Amino acid sequence: MYANLDPVFRARLRVFESELLKRNIRAEPTSGYRSMEAQAALYAQGRTAPGRIVTKAKPGQSSHNFGMAMDYVPVVGGHRTYNVKWKWWLKMGLAARAAELAWGGWWLRLQDRPHVELPGWKKRNRR
C-alpha cells in the first residue's frame with residue numbers, strides 16, 4: 001500500500017497516522033497509488049460506466065496517480081464505516097493539518113473526506 005508512494009509523502013503519512021492515534025481515532029488506508037488505467041475506470045464511473053460519480057480527476061490529474069495521496073476509511077467499534085459524525089472527520093482534518101498534509105474535507109467542490117495528499121504535489125511532480 002505504501003510502496004509506490006512519494007518518500008516525502010510517505011514520511012508525512014507516518015506523522016499523520018500518529019496524529020490520528022493522539023486524537024483517539026482509528027482509520028485504515030484504502031487507496032494510495034493508483035495507475036492511470038485504474039483512474040480512467042474510476043473517472044468513467046457514473047459517466048460511461050455504472051455507479052455514481054466519485055471523482056472529477058481524469059487520468060494524470062489525480063494526486064493518486066503520482067503516489068502523493070492516500071484515502072482512509074474510519075474504523076469504529078472494530079468495523080470499517082464511512083458513516084461517522086462530522087466531529088470524527090474534523091479530527092482527521094486536524095491530524096492532516098498537523099502532519100502538513102492537505103485534507104479533502106476542506107475542499108469546497110466535491111469534498112473528499114477520506115482523502116489526504118501532499119500539498120503542492122503538482123509542482124513537485126514536474127521535477
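**Salt bridges, core and surface of the predicted model**

The structure holds 5 salt bridges, a salt bridge being a side-chain nitrogen of Lys or Arg within 4 Å of a carboxyl oxygen of Asp or Glu. The model is predicted: local features need pLDDT of at least 70, side-chain atom pairs count only at pLDDT 80 or more, and totals for chains, interfaces and linings use all residues. Residues are numbered from 1 along each chain as its sequence is written, and side-chain values use heavy atoms, with hydrogens and water left out.

Glu19, Lys22 and Arg23 form a network of salt bridges. Within it, the side chains of Glu19 and Arg23 meet at 2.4 Å, N to O. Glu19 is buried, at 12%. Arg23 is partly exposed, at 25%.

A further salt bridge joins the side chains of Arg26 and Glu28, with an N to O distance of 3.0 Å. Arg26 is partly exposed, with a relative accessible area of 44%. Glu28 is also partly exposed, at 22%.

Asp71 and Arg34 form another salt bridge, their closest N and O atoms lying 3.6 Å apart. This pair links distant parts of the chain, 37 residues apart: Asp71 lies in strand 2 (residues 69–76), and Arg34 in the loop between strand 1 (26–31) and helix 2 (36–44). Helices (H or I, at least four residues) and strands (E, at least two) are DSSP runs, numbered from the N terminus. Both Asp71 and Arg34 are buried. For Asp71 the relative accessible area is 11%.

Asp71 also takes part in polar contacts. Such a contact is a pair of N or O atoms within 3.5 Å; within protein, one must be able to donate a hydrogen and the other to accept it, and residues adjacent in sequence count only if both atoms are side-chain atoms. The side chain of Asp71 is joined to that of His64 at 3.3 Å. A polar contact of 3.1 Å joins Asp71 to the side chain of His115. Leaving aside neighbours within four places in sequence, Asp71 is in contact (heavy atoms within 4.5 Å) with residues including Glu28, Thr30, Asp112 and Pro114.

Thr30 belongs to strand 1. The C-alpha atoms of Thr30 and Asp71 are separated by 5.5 Å, although the residues are 41 apart along the chain. Thr30 is partly exposed, at 27% relative accessibility. Beyond four places in sequence, Thr30 touches Met1, Met70, Asp71, Tyr72, Val73, Arg80 and Tyr82.

In soluble globular proteins, nonpolar side chains tend to be buried together. Here the largest nonpolar core has 22 residues. A core is a set of buried Ala, Val, Leu, Ile, Met, Phe, Trp, Tyr and Cys residues joined through side-chain atoms within 4.5 Å. Leu13, Phe16, Tyr72, Met92, Leu101 and Val116 have the most contacts inside this core. Helix 1 (7–22), strand 2 and helix 3 (86–98) each supply at least two of its residues. Helix 3 gives the largest share, 5 residues.

Trp106 is partly exposed, with a relative accessible area of 35%.

How values were computed. Buried < 20%, exposed > 50% of the residue type's maximum accessible area, 1.4 Å probe, protein only.
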